[in-house]
Amino acid sequence: MVKKITSWLSVGLISAGALSGCNTPPSETQDSSQQPAAQSVEVDPRGEILALSCASCHGTDGKSVGILPGFYGKSASYLKTALMEFKKGERYSTVMGRHAKGYSDEEIELIAEYFGSLSQQNSSK
């Protein structure tokens, strides 16, 4: 009986030691290049509200499920440039030029910042 208790205690102590070795904080196990780049992304909430009008064609997060192009993962800078080109007629479109002309430059920037921030928010989770 004493042998069984001793062996069970030994197994318990070895298991506890092994588990405590697995419980190291992430900063000790990962170098800085493997950690997420952003903790959180601050975005003006007006951008999210303005972006609702884009959602019916491009999805709520820019991941279009239809034939329309998705833009999830594109940077805010890329999206702003594209929207401004649509607005000025510098980029061919069937309907995007008309949509973009309905927004001020500030509103386009807010929309671009919102959609540009989505992939960063998801990568930091």
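This is a predicted model: local features need pLDDT of at least 70, side-chain atom pairs count only at pLDDT 80 or more; totals for chains, interfaces and linings use all residues.

I started with charges over rings: the charged end of Lys63 sits over the ring of Tyr72, 4.4 Å from its centre. I count a charge as over a ring if NZ of Lys or CZ of Arg is within 6 Å of the ring centre and within 35 degrees of the ring normal. Arg91 does this too, with its charged end over the ring of Phe86 and 5.5 Å from the centre.

Residues are numbered from 1 along each chain as its sequence is written, and side-chain values use heavy atoms, with hydrogens and water left out.

Next I searched the whole structure for aromatic pairs and got two. My cut-offs: ring centres of Phe, Tyr and Trp (its six-membered ring) within 6.5 Å, with planes under 30 degrees apart stacked, over 60 edge-to-face and the rest tilted.

Phe71 and Phe115 have ring centres 4.8 Å apart and planes at 80°, so I logged them as edge-to-face. Which residue pairs with Phe115 in the other entry? Tyr114 does, with centres 5.3 Å apart and planes at 65°, so that pair is edge-to-face as well. I put Phe71, Tyr114 and Phe115 down as one aromatic cluster.

Last, I checked burial (buried is under 20% relative accessible area, exposed over 50%, partly exposed in between; 1.4 Å probe, protein chains only). Phe71 is buried. Tyr114 is buried at 13%, and Phe115 is buried at 3%.
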